Amino acid sequence: MAVHQTLVPGATDAPKPRALPAHCYTDPTILDAEMSAIFARSWQLVGHVSQVSEPGQILTAVVGDEPVFVVNDNGQIRAFFNVCQHRGHELFPQQTAGGDVAETPGFIMCPYHAWVYRLDGRLASARSRDVGEVCLAPVAVDQLAGLLFVNVDPGAPPLAEHAPGVAEEVLAIVPEAGTRVLTWRRTQLIDANWKIAVENYNECYHCPNVHLSFTSGVVDPASYRIKPEGTVIRHTATGVEGERSRYARPVDSDAYAAFYIWPASSIQCYPGQALNTYRWVPRGPDQTLLVREWWFDGPEPTDVQRAIIDLDWNTTVSEDLKLVESTQRGVRSRGYRPGPLVTEPSGIASVHSEDAVAHLGTLLRSALGPAWPAEAR
Ligand code: FES
Ligand SMILES: [Fe+2]
């Protein structure tokens, strides 16, 4: 018997978006492909210009799997791979991927054989031997409302094209963003693939039943919207009115916004002009380093600032850590079949849908090309 389909006006044959195949979160070959196709070619947050405001200051970071550093060369901000061009020793120790700051005495000496580089990257001396012209490998560096980004692909489009409008929007909420300093940092190794972490970050479908503090005392959940636009995913909401806030506001402002910048950075403006950032650094198919930083007006948090930071870490962040680690364990199971994603025709998510998760899948598919698993095309 023939089955007749009823055609709904406006309906399309486009397949409904689904969660990614489980092995995308566990397969080392997928992570290798992501490192080459995504992390080695995209802008990623590493810190703030205030960390390299003085000549000779150095900021180290790991973006994807690449060690890099940013240096103030007499007022010029430069960035290089953190790799000596002799036999490859790291020039600065990478104690964490979180961004360590160091001072140089005006030059950079490799700890291995004591080759010395100028701050513009050119080799100054190889222990009195002539070894010819040698220069550190440069990486692109740029800033957005004072926040520093690097891109290890020197041919990449400018940061302003990767995150159009974000600098202006951050500055509209936090006018002093460009002069803020690092007030607090915490790093946390998460037992989950980086995509599980950023998918969780970019949906608030879980907020009403998980983030009770966030949805009662930080933002109004009914107003939460997540709008994917190319390589930026914008989160907007109305902050709860001052008297309902779970924390005292450092500045009298209800404005809230978050800007996720593909693939592994996000800038958040919490009510009270509380500027904070997320970075995700993949450490393996099922491990990711979370770097959580808050940017206020001094290096030590005031009591008011500390209360916001603690509330966020002890509620929203800790709640999400449990979710993503549990999800990683679940997708590893032979019993998991990727399910349908809940989306809206508008493509804009509220607390009742997860449209940006589908958008992240589209970004992944287009970045990986032929390396993308056939069953997820
Ligand atoms: S590896 Fe740096 S001086 Fe030899
Ligand atoms: Fe969450």
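User: Into which domains is the protein divided?
Analyst: This is a predicted model. The protein is divided into domain 1, residues 44–143, and domain 2, residues 167–368. Their C-alpha centres lie 31 Å apart.

User: How many residues does the contact take from each domain?
Analyst: Domain 1 gives 10 residues and domain 2 gives 15 residues. On the side of domain 1 that touches domain 2, strand β1 (residues 44–48) supplies the largest share, 3 residues.

User: How does that side of domain 1 split by class?
Analyst: The side of domain 1 that touches domain 2 has 3 nonpolar and 7 polar residues. It has no charged residues.

User: Next, the overall fold. How many helices and strands does the protein have?
Analyst: The protein has 8 helices and 17 strands. Its radius of gyration is 22 Å, close to the 21 Å that the globule rule gives for 377 residues, so the protein is as compact as a globular protein of that length. The C-alpha atoms fill a box of roughly 85 × 55 × 35 Å along the principal axes.

User: What share of the residues counts as buried?
Analyst: Of the 377 residues, 41% count as buried. For contacts, take those with a separation of 6 or more: residues 24 or more positions apart account for 62% of them.

User: Now the sheets. How do strands pair in general?
Analyst: Strands of a sheet pair through backbone hydrogen bonds, in a parallel or an antiparallel sense. Here, 7 strands form an open, antiparallel sheet in the order β11-β17-β16-β15-β14-β13-β12.

User: Which strands are at the edges?
Analyst: The edge strands are β11 (181–190) and β12 (225–229), each pairing on one side only. Neighbouring strands of this sheet are turned by 15 degrees against each other on average, direction ignored.

User: Over how many bridges do β11 and β17 pair?
Analyst: β11 and β17 (residues 287–296) pair over 9 bridges, in the antiparallel sense. Thr187 stands opposite Val291 in β17.

User: Which strands does helix α3 touch?
Analyst: Helix α3 (residues 166–173) packs on the sheet and touches β13 (232–238), β14 (255–261) and β15 (265–270). The direction of α3 makes about 155 degrees with that of β14.

User: Last, a hairpin. How many residues lie between β9 and β10?
Analyst: The hairpin of β9 and β10 has 2 residues between its strands. In the turn, Ala145 has a positive phi of about 50 degrees. β9 (residues 140–144) and β10 (residues 147–151) pair in the antiparallel sense over 5 bridges. Asp142 has Phe149 in β10 as its bridge partner.

Note on methods: Residues are numbered from 1 along each chain as its sequence is written. Chains are lettered from A and ligands numbered from 1 in the order in which they are written. This is a predicted model: local features need pLDDT of at least 70, side-chain atom pairs count only at pLDDT 80 or more; totals for chains, interfaces and linings use all residues. Domain bounds come from an automatic or database domain assignment. Two residues are in contact if their C-beta atoms, placed from the backbone, lie within 7 Å. Helices (H or I, at least four residues) and strands (E, at least two) are DSSP runs, numbered from the N terminus. Ala, Val, Leu, Ile, Met, Phe, Trp, Tyr, Cys and Pro count as nonpolar, Asp, Glu, Lys and Arg as charged, and the others, Gly among them, as polar. Two strands pair if DSSP finds at least two bridges between them. The radius of gyration is taken over C-alpha atoms; the globule rule is 2.2 Å times the number of residues to the power 0.38. A residue is buried if 20 or more other C-beta atoms lie within 10 Å of its own, exposed if 12 or fewer, and partly exposed in between; C-beta atoms are placed from the backbone. Axes are lines fitted to C-alpha atoms, for helices over the stretch in contact, and angles run from 0 to 180 degrees between N-to-C directions.
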